[in-house]
Amino acid sequence: MKTPPPTLPSYYVGLMSGTSLDGIDAALVAITPHSPPKLIATYALPMPQSLHNLLLSLCHAKQVSFAALAEAESAFCQLQANAVNALLAQQQISPAQIHAIGSHGQTIEHAPSGHHGGPAYTLQLDNPSLLAELTGCTVVADFRRRDLAAGGQAAPLAPAFHQALFGRQQSEQLVLNLGGFANLTWLPSDTSIPALGFDTGPANVLLDAWFSKHHNGRFDQNGVWATGGQIDQALLARLLNEPFFHQPPPRSTGRELFHLAWLENKLTGNESAEDVQATLAELTAISVAQGIQHLPIASNRMTLIACGGGAHNAYLMARLATHLPNAAFKSPADLGWPEDWIEAGAFAWLAHQRLHNLPGNLPSVTGASGPRVLGGIYAH
Ligand SMILES: Nc1ncnc2c1ncn2[C@@H]1O[C@H](COP(=O)(O)OP(=O)(O)OP(=O)(O)O)[C@@H](O)[C@H]1O
Ligand SMILES: CC(=O)N[C@H]1[C@@H]2OC[C@@H](O2)[C@@H](O)[C@@H]1O[C@H](C)C(=O)O
C-alpha cells in the first residue's frame, strides 16, 4: 500500500450488506483530495438462500449458539471476500492497489438505547481479520461502535457521505435511502447550517416479509402486487401509532422493532393481502413525508435524491410523489452514482476517512457528543 502523490486518486472498496439481506454490494471508489468520490466499478453477489435464512434466524433469535454465530460469520466473510476478489479480477486491479476495504458487516441487532435499561449496543457480524487474509487488502471495520460510545445512535452514517458526494447546492437537497429501512439526509443550501438526518422507519423490510409470506420470491417487483391493493386507512393509523414515528431525531431503528410479527399484531385478520402490501408502502411514504415536515427547510423548492432498492419500486415512488408535491425527484445516476451503489460507496469513503484520521460521523445526525474517527484498521 503506497501513498500516491496528493493529486492522484487512491482506491477503496466499500462493502455493504444491508438489512434486506439480499446480498453483498462491493463498490470500487476513487478518492482524490478536494473532489467528490468517484464510483469506478461495482460487483453484486446475491446472498445464498441458506445464508439469508441463517442470518435472518439470528436477527430474531431469543438465544443464539456461538457455533451458529461462527458459522454465519465465516460464510458471510467468505461471501464478502468472493465479492471483492471478483471485483478486482474484473477490473484487473491487484489487492496492493487498494488502500483499504471498508466493511460494514451484517447488522444482527441494533439497540442504540439498550433494552430494558441495559447498555446501548449495535451488533454487526463481521470478521475483518479473515477478510484481510482472504483478499490481501487492509480492512477497516466496526464503523458504528465509536459513535455509539460517544453517545450517538451509531446510525445513520451515510449522511456524512451524502454531504461529501452531493455537496451543498442552491436548492435544498434531500437524500432518501429506501433500503430495508429508510433514512433521510437534509443538505441545506446554507452551508452554516449542519446537515441533518435520521431513520424514518421501515421500508423494504416489511414489504419483503409480507410479500414472501404470500409468494415465492423475495420482493414485490416494481410494486406490482401493491398496485392491485387498496390502502387500508384503519390499518395505516394503527401502524403509525408506533411511538418510533413520533420520536424526534436523533433516531434509528432496525429489525428488532419492525418485523413480520409486529405487523401481524396490528392486523384484524379481515384485511386482504394486497391491501396490506399497499398499506405498507403507504406507511413508508407517509413516514418519510412526516419526517421531511419536521425539518426546518427554508424554501419549498427541494430536490429529492432517491436511492436504495426501494427506488425501483414504482408504486412506492408514486406514493412518495403524491405526498411530496414540492419535491423534484432526481436519480443519483444523473449525478454519476447509480441508486443501488450509494451505501457501498459510503463505506469506501468511511475507510478513507479512517486511514486519514478524519471524522466519519455527523454529530448533528447521530447525536454523538462530537465528531469521531470511526472504525478499526486491520492492516495487511
Ligand atoms: N425492481 C424492484 N422492485 C421493487 N423493489 C425492489 C426492486 N429492486 C430492489 N427492490 C427492493 O430493494 C431491496 C434491496 O434494497 P437495498 O439493497 O437498498 O437494501 P439494503 O442494502 O438491505 O438496505 P439498508 O441497509 O439501507 O437497509 C430488496 O429487498 C427489494 O425490497
Ligand atoms: C444499524 C444499521 O445497520 N442501520 C442501517 C439500516 O439500513 C438503513 C438504515 O437502517 C440506516 O440507519 C443504516 O444503514 C445505513 C448504511 C447508514 O448507516 O446510513
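Leu51, Leu54, Leu55 and Leu58 of helix H1 meet Ala68, Leu69, Glu71, Ala72, Ala75, Phe76 and Leu79 of helix H2. By class, that contact of H1 with H2 has 10 nonpolar, no polar and one charged residues. Please keep in mind as you look around that this is a predicted model.

**Where H1 meets H2**

- H1 covers residues 49-59 and H2 covers residues 66-91; their axes come within 10 Å and cross at roughly 135°.
- That angle makes H1 oblique to H2.
- The handedness of this crossing is left-handed.
- An α-helix has 3.6 residues a turn, so residues three or four places apart point the same way.
- With that in mind, look at Leu51, Leu54, Leu55 and Leu58, the residues that H1 brings to the contact.

**Where H8 meets H10**

- Helix H8 (residues 233-240) and helix H10 (residues 273-293) have axes that come within 10 Å and cross at roughly 50°.
- H8 and H10 are therefore oblique to each other.
- Here the crossing is right-handed.
- On the H8 side the contact is made by Leu235, Leu236, Leu239 and Leu240, and on the H10 side by Thr279, Glu282, Leu283 and Ile286.
- Sorted by class, the residues of this contact are six nonpolar, one polar and one charged.

**H2 and the residue that follows it**

- H2 has 26 residues and reaches 37 Å from its first C-alpha to its last, close to the 38 Å expected at 1.5 Å a residue.
- Its buried residues are Phe76, Cys77, Leu79, Gln80, Ala81, Ala83, Val84, Leu87 and Leu88.
- Phe76 and Leu79 are listed as buried, and both also take part in the contact with H1.
- Just after H2 comes glutamine 92, with a positive phi of about 55°, although glutamine 92 is not a glycine.
- Most residues other than glycine have a negative phi, and most peptide bonds are trans.
- Glutamine 92 sits in the loop between H2 and strand E4 (98-111).
- Glutamine 92 counts as exposed because it has 7 C-beta neighbours inside 10 Å, and the cut-off for exposed is 12 or fewer.

- H12 (residues 342-355) has 14 residues and spans 20 Å from its first C-alpha to its last, close to the 20 Å expected at 1.5 Å a residue.
- Asparagine 357 is exposed, with 7 other C-beta atoms within 10 Å.
- Leucine 358 is found in the loop between H12 and H13.
- With 14 other C-beta atoms within 10 Å, leucine 358 is partly exposed.
- Not counting residues up to four places away in sequence, leucine 358 touches Gln353 and Val373.
- Leucine 358 and glutamine 247 are 111 residues apart along the chain, and their C-alpha atoms are separated by 30 Å.

**Prolines to look up**

- The peptide bond from alanine 155 to proline 156 is cis, with omega near -15°.
- Proline 156 lies in the loop between helix H4 (145-149) and helix H5 (158-166).
- Proline 249 and proline 250 are also joined by a cis peptide bond, with omega about 0°.
- You will find proline 250 in the loop between H8 and helix H9 (260-265).
- Proline 338 is placed in the loop between strand E11 (327-330) and H12.
- Is proline 338 buried, exposed or partly exposed? Proline 338 is partly exposed, having 17 other C-beta atoms within 10 Å.
- Leaving aside neighbours within four places in sequence, proline 338 is in contact with Pro332 and Ala333.
- From proline 338 to glycine 254 the distance is 25 Å, C-alpha to C-alpha, and the two are 84 residues apart in sequence.

Technical notes. Residues are numbered from 1 along each chain as its sequence is written. Chains are lettered from A and ligands numbered from 1 in the order in which they are written. This is a predicted model: local features need pLDDT of at least 70, side-chain atom pairs count only at pLDDT 80 or more; totals for chains, interfaces and linings use all residues. Helices (H or I, at least four residues) and strands (E, at least two) are DSSP runs, numbered from the N terminus. The expected span of a helix is 1.5 Å times one less than its number of residues. Axes are lines fitted to C-alpha atoms, for helices over the stretch in contact, and angles run from 0 to 180 degrees between N-to-C directions. Angles under 35 degrees count as roughly parallel, over 145 as roughly antiparallel, 65 to 115 as roughly perpendicular and the rest as oblique. A crossing is left-handed if the near helix is turned anticlockwise from the far one by less than a right angle, and right-handed if clockwise. Two residues are in contact if their C-beta atoms, placed from the backbone, lie within 7 Å. Ala, Val, Leu, Ile, Met, Phe, Trp, Tyr, Cys and Pro count as nonpolar, Asp, Glu, Lys and Arg as charged, and the others, Gly among them, as polar. A residue is buried if 20 or more other C-beta atoms lie within 10 Å of its own, exposed if 12 or fewer, and partly exposed in between; C-beta atoms are placed from the backbone.
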